[in-house]
Amino acid sequence: MKKRKSPQLLAPAGSFQTLKAVIQAGADAVYAGGSQFGARAYAQNFEKEELLEAVDYAHLYGRKLYLTVNTLFKQKEMQVLYDYLLPYYEQGLDAVIVQDFGVMCKIHEWFADLPVHASTQMSVSGIYGASYLSRFGAVRIVPARELSLEEIRAVKRQSDIELECFVHGALCYCYSGQCLFSSMLGGRSGNRGRCAQPCRLPYTAFDENHHRISDTDCYLLSPKDLCTIREIPHLIEAGIDSFKIEGRMKSAEYAASVTSVYRKYIDRYMETGEAEVTDRDYEKLLFAGNRSGFTDGYYKQHNGADMLTLRRPNHEKHAGAETCLDAAEKIPVCLQASFKTGQPAKLSVSCGDILAGAEEGCVQAAQNQPVSREMIAGQLSKTGNTPFVIESMDITMDENIFLQKKAVNELRRKALDELNARLLSRYRRKVLTETVSMEAENLTGSSSSVRESKELCFTAVIEEPQQLSAVLEEDFISRIYLDSAMYTHKDFTVQLKEHADSIRRAGKQAYLALPSVFRKETAQFYQKLWENDKLCEIDGFLVKNFDELGFLEAVKADKKRCVLDYSLYAWSDTAKAAYLSAGWESDTVPLELNKKELRARFQASSELIIYGHIPLMTSAQCVSKTAGRCTKTRGLIYLKDRYAKEFPVRNNCSECYNTIYNAQPLSLIQLAEELLPLQPAAFRLWFTMESRQKVQKILAGCREAFFHKGCVNMTDVAGAYTNGHYKRGVE
């Protein structure tokens, strides 16, 4: 069997000191954030000149530096992205890590030879998503951290795209990129690198009847830190290309300590096949920092209470955890010098296949005391604060010559400076396009789905079967999205056909809302449905992630019958244009934009959500299972926080994920007069756990507000509600 190549060891750096430390500790590559657009807004990060220097530092040691540009972009920010990236591109930046689909497409357009890595924030969980993004410039995918080793192997078997997987550090409770918890509760968006980590707070779990099923002060949403040092052989054999250490907000000592341990055991396994980790090295990782111990994550299990801190979520750092940072190891060079009477002093230096040289002054015959070979060798050896050290030295010199020390020093300085420049020149780039238009995308008329008339259009999502009859009664609802989580795999086609037929008899369109998570087994299930024509009963799809985009494209679904949900983020017109260019004609207005930003966004082919309990988290964990009450049947439980707010949690057992909803529903119905000028393709109501009677009340309130221009008191209609981000937005 062909031996696996050694995986790249990728370390974090929140500062230049940390970058130097992890490179000296053995990192093959480093990822860092600049002054803008990184998913760790509260990290120290790098200013421009410092980051340019960091690129060079990494390259001198034969390492790589990746820049995080992994937040969602507002339109005004798209207009500065090119100028922000240009100097780093020219310096030789090795890759950018992105979340925003529009950003991915633009970077690939502007800088075709700059590798783009799809961030874990893009929630890719299988071959369909990986293959889809590779078409738009992604050369590497950082998949969802929830993937098993078998799922990773499956992607590697079917594609040659690189996979970068987390091996150590903090874990998110939610599928990364699908969390709105911090955003909706406090305005600090994880999609903007400002997560306040509400998952690290205590919650109490209650069943549907509000009977307690967990202890108080239980940290039900707080994962332990990931540590896979003992799983290195399995990770390597799964085909992972890059081992990623989390921690851009951690100290240089932490990052270097963790990097050095992983370097040791990766090399040991590749060289000898040995995998046993000593207790001392495992304790070194524990001492560097942990949360109630470690977990080996999702590689071998789907979920479990043993992966969570439960009793104590804080980060533990033990006495003696800090590692002394050694002085930087220098780069060896070979030196050849020639000192001939009547000729310039000559010096050539080489590093690998790179050669540089310099000349200085004129070697004179000595009038009194000649210079010695020892003096010249001593001066040439003084590499000082350069990154070089003399490995070998060959000096050719005449007898009885004179040369001042400062001339020898200047000769050495010139030669090493030239070597430094030549080593780095291999990485420098020039842009092929002189000018780039930074105007906002012109989307007017870009979609055939744009309504030509001003007739109001409304759609509804239902997540419970009893809600359907109430929605069918309202003639102003033209399309109904049937949430796939309502159906078990066993009875899927029968139940779906029954509901779709009733919708069509009512003269409405029946769309299927695909799962929030589309992993390997789910993809296989839908593949069989498609092959057996079991999805022909429906008129279209509500699509929630890149894996589903890839699937629908692979089976040649009609893209005009697909609506992209808000989780396929299109904050900017640039992002929206990227989806339109790919053939997707309808999307959903993002939930984190305020009214000013909504007015500036092109909405004609977008649906605007005006009511619904917004999902705050989608998690592979199961709160019921963690609390010891897993019944493997779909149902609702509640999480109560320290302010006595109750967050509904629904378990989707067919796809095995939890959805945590906001305690209060979003309602913009009362703002109908303000919303009408936006002219979206449709207004969407989203029914989750509402009873049939409550659905009727909300629909009646919607009719009154939009068609009769009445003043609706939504507190009377729906109880306590929130305007979401309509007024405040996010930073």
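Analyst: Two strands are said to pair if DSSP finds at least two bridges between them. That cut-off can now be applied to this model, which is predicted.

User: What makes strand E6 and strand E7 a pair?

Analyst: Strand E6 (residues 138-141) and E7 are joined by two bridges. Because the requirement is at least two bridges, E6 and E7 pair. The two strands run parallel, and Ile141 has Leu163 in E7 as its bridge partner.

User: Which other strands pair with E7, and in what sense?

Analyst: Strand E11 (residues 242-245) is joined to E7 by four bridges, and these strands run parallel. Glu164 has Ser242 in E11 as its bridge partner. With strand E10 (residues 225-227), E7 pairs in the antiparallel sense over two bridges. There, Gly169 stands opposite Leu226 of E10.

User: Why is E7 described as largely enclosed by the rest of the structure?

Analyst: Of the eight residues in strand E7 (residues 162-169), seven are buried, so the strand is largely enclosed by the rest of the structure.

User: What makes Cys165 a buried residue?

Analyst: A residue is called buried when its relative accessible area is under 20%. Cys165 has a relative accessible area of 4%, and therefore it is buried.

User: How many disulfides are there, and how do you know?

Analyst: The count comes to zero disulfides. Cys165 shows the reasoning: the nearest cysteine sulfur, that of Cys172, is 15 Å away. A disulfide needs two cysteine sulfur atoms within 2.5 Å, so Cys165 is in no disulfide. Cys562 is likewise in no disulfide, as the nearest cysteine sulfur, that of Cys536, is 15 Å away. Cys562 has a relative accessible area of 1% and is therefore buried.

User: What makes E28 and strand E29 a hairpin, and in what sense do they pair?

Analyst: E28 and strand E29 (residues 646-652) pair in the antiparallel sense over six bridges. They form a hairpin with five residues between them, and Ala644 in the turn has a positive phi of about 70°.

User: Why is strand E28 called largely enclosed?

Analyst: Strand E28 (residues 635-640) has six residues, five of them buried, so it is largely enclosed by the rest of the structure.

User: What does the side chain of Lys508 reach, and where is Lys508 found?

Analyst: The side chain of Lys508 reaches the backbone oxygen of Ile477 at 2.6 Å. A polar contact calls for N or O atoms within 3.5 Å, so this distance meets the cut-off. Lys508 is found in the loop between helix H14 (492-505) and strand E22 (509-513). Residues touched by Lys508, beyond four places away in sequence, include Val471, Leu472, Ile503 and Asp539.

User: Why is Gly193 called buried, and where is its place?

Analyst: Gly193 has a relative accessible area of 6%, which is under 20%, so it is buried. The place of Gly193 is in the loop between helix H7 (181-186) and strand E8 (204-206). Asn70 lies 123 residues apart from Gly193 along the chain, yet their C-alpha atoms are separated by 8.4 Å.

User: What makes Ile354 buried, and which residues is it in contact with?

Analyst: The relative accessible area of Ile354 is 12%; the limit is under 20%, so Ile354 is buried. Ile354 is found in strand E16 (residues 354-360). Leaving aside neighbours within four places in sequence, Ile354 is in contact with Val349, Leu419, Arg422, Leu423 and Arg426.

User: Which residues of helix H1 are buried, and what covers them?

Analyst: In helix H1 (residues 16-24), the buried residues are Phe16, Thr18, Leu19, Ala21, Val22 and Ile23. Their cover includes strand E1 (8-13), helix H2 (48-60) and helix H9 (252-272). After H1 comes Gly26, whose phi is positive, near 115°.

Conventions: Residues are numbered from 1 along each chain as its sequence is written. This is a predicted model: local features need pLDDT of at least 70, side-chain atom pairs count only at pLDDT 80 or more; totals for chains, interfaces and linings use all residues. Side-chain values use heavy atoms; hydrogens and water are left out. A polar contact is a pair of N or O atoms within 3.5 Å; within protein, one must be able to donate a hydrogen and the other to accept it, and residues adjacent in sequence count only if both atoms are side-chain atoms. Contact means heavy atoms within 4.5 Å. Buried means under 20% relative accessible area, exposed over 50%, partly exposed in between (1.4 Å probe, protein chains only).
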